[in-house]
Amino acid sequence: MEFDRVQAIASLSFDKETIPEEFIIRPEKEQPATTTFHGAVPEIPTIDISDPNQENLARLVADASKEWGIFQVVNHGIPGDLIAKLQDVGKKFFELPQEEKEVYAKPHDSTSIEGYGSKLQNNPQENKSWVDHLFHRIWPPPSINHQFWPQNPPSYREVNEEYAKHMREVTDKLFTALSLGLGLEGHALKEGAGGEDIEYMLKINYYPPCPRPDLTLGVAAHTDLSALTILVPNEVPGLQIFKDGNWFEAKYIPNALIIHIGDQIEILSNGKYKAVLHRTTVAKDKARMSWPVFLEPPGELVVGPLPHLINKDNPPKFMAKKFKDYMYCKLNHLPQ
């Protein structure tokens, strides 16, 4: 059986101290060694979401979402030992023999992104990214397909189910603060993104050690097509944010959650909140991993700017469309 998994390619590449040509970014001036900002780096806002002053919390979240499109949250209520377990079972999956991981591979004829794989966007002209991944939904129950949930390690399912429970509480707090920050009712943005039918898509990113991290990226620059993304990284740095014309590295804060404003919140807010442009670099001597949960509208839901935010002085900046159509266009590099 042939594999084009990056984990397998990485183990062969260290013998040669080089990487295959299809991973090397051209032109040279766009490579991460050249484009990463070196100097005093501005810090992404960090917000304590246990703040009982809802007005203050809404202001902090709104300011960060308008200026940065990303922030970190602390005191979020997800136990540190649960985050450690989530990371442990994910790491153990990627340490399994290749044949065992392939059991969960995304089927070739699948229209979903769920499953184990290495390539996401359909563009043969693009460089390959130095990453393998596993996608599966963790909420709501009708959307879950356990075919893509690893049975090994045995605690994988229990840990992910527990994580999903806590994730829903954090999500409600974030949606409420984001809505209040726009002067809307607290439920407005969550309802606009699908309410209780919002789908929680977990992705585990595995970025193997790379002999030439100066030449390639784990994930190329993009905004997330989700409404929100709630991410847990491991301790290996690599998430970079584009702001004020520079690529800045995100500071690692143990047990913090990194919140990305995604395309659907930018659309619902009619551009008041900004989807964050970000990318991932890789490391030479360590595997980087991350666990984003993408909060996505149901495929048939039509998402457009909220009516309360539109008037003659603020016309709609985005066309309303079904989320499944938005996703198809984005993954296939078609105009929206």
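The second largest cavity holds about 30 Å³ of space. A cavity is a set of points, on a 1 Å grid over the protein atoms alone, where a 1.4 Å probe fits but cannot get out. Grid points are joined across faces, edges and corners, and a volume is the space filled by probe spheres set on the points. The model is predicted: local features need pLDDT of at least 70, side-chain atom pairs count only at pLDDT 80 or more, and totals for chains, interfaces and linings use all residues. Residues are numbered from 1 along each chain as its sequence is written, and side-chain values use heavy atoms, with hydrogens and water left out.

Lining residues have an atom within 4 Å of a point. For the second largest cavity they are Glu43, Ile44, Thr46, Gln72, Lys251 and Ile253. Two of these residues are nonpolar, two are polar and two are charged. In this count Ala, Val, Leu, Ile, Met, Phe, Trp, Tyr, Cys and Pro are nonpolar, Asp, Glu, Lys and Arg are charged, and the others, Gly among them, are polar.

The structure holds two cavities of 30 Å³ or more. The largest cavity has about 70 Å³ of space. Its lining runs through Pro233, Asn234, Glu235, Val236, Pro237, Gly238 and Leu239, and also takes in Ala250, Lys251, Tyr252, Ile258 and Arg288. Seven of the lining residues of the largest cavity are nonpolar, two are polar and three are charged. Lys251 is found in the lining of the largest cavity and in that of the second largest cavity.

Pockets are open. A pocket is an open set of points with protein on both sides within 12 Å along at least five of seven lines. The second largest pocket contains about 460 Å³ of space. Its lining counts 21 residues, and Thr111, Ser112, Ile113, Met327 and Leu331 lie nearest its centre. Two elements, β5 (199-207) and α9 (323-331), each give two or more residues to this lining. Helices (H or I, at least four residues) and strands (E, at least two) are DSSP runs, numbered from the N terminus. Helix α9 supplies the largest share, six residues. By type, the lining of the second largest pocket has nine nonpolar, six polar and six charged residues.

Salt bridges were searched for next. A salt bridge is a side-chain nitrogen of Lys or Arg within 4 Å of a carboxyl oxygen of Asp or Glu. The whole structure has 19 of them. In one, Lys243 pairs with Glu67, and the closest N and O atoms are 3.3 Å apart. Lys243 lies in strand β8 (residues 239-243) and Glu67 in helix α3 (residues 54-67), so this pair ties together parts that are 176 residues apart in sequence. Lys243 is buried, at 12% relative accessible area, whereas Glu67 is exposed, at 54%. Buried means under 20% relative accessible area, exposed over 50%, and partly exposed in between (1.4 Å probe, protein chains only).

Arg137 and Glu114 also meet in a salt bridge, at 2.9 Å from N to O. Arg137 sits in strand β4 (residues 132-139) and Glu114 in the loop between α5 (98-102) and β3 (115-117), 23 residues apart. Both partners are buried: Arg137 has a relative accessible area of 16%, and Glu114 has 4%.

A further salt bridge joins the side chains of Arg212 and Asp214 (2.8 Å, N to O). Arg212 is partly exposed, at 30% relative accessibility, and Asp214 is partly exposed too, at 25%. Shared partners also link Glu67, Lys243 and Asp244 into one network of salt bridges.

Arg5 lies in the segment before α1 (6-16). Arg5 is buried, at 11% relative accessible area. Its side chain makes a polar contact of 2.9 Å with the side chain of Glu102 and another, of 3.4 Å, with that of Ser118. A polar contact is a pair of N or O atoms within 3.5 Å; within protein, one must be able to donate a hydrogen and the other to accept it, and residues adjacent in sequence count only if both atoms are side-chain atoms. Beyond its neighbours within four places in sequence, Arg5 has contacts that include Gln98, Tyr116 and Asp132. Contact means heavy atoms within 4.5 Å.

Phe94 belongs to helix α4 (residues 80-94). Phe94 is buried, at 1% relative accessibility. Gln7 is 87 residues away from Phe94 in sequence, yet their C-alpha atoms are 8.8 Å apart in space. With neighbours within four places set aside, the contacts of Phe94 include Gln7, Tyr116, Asp132 and Met289.
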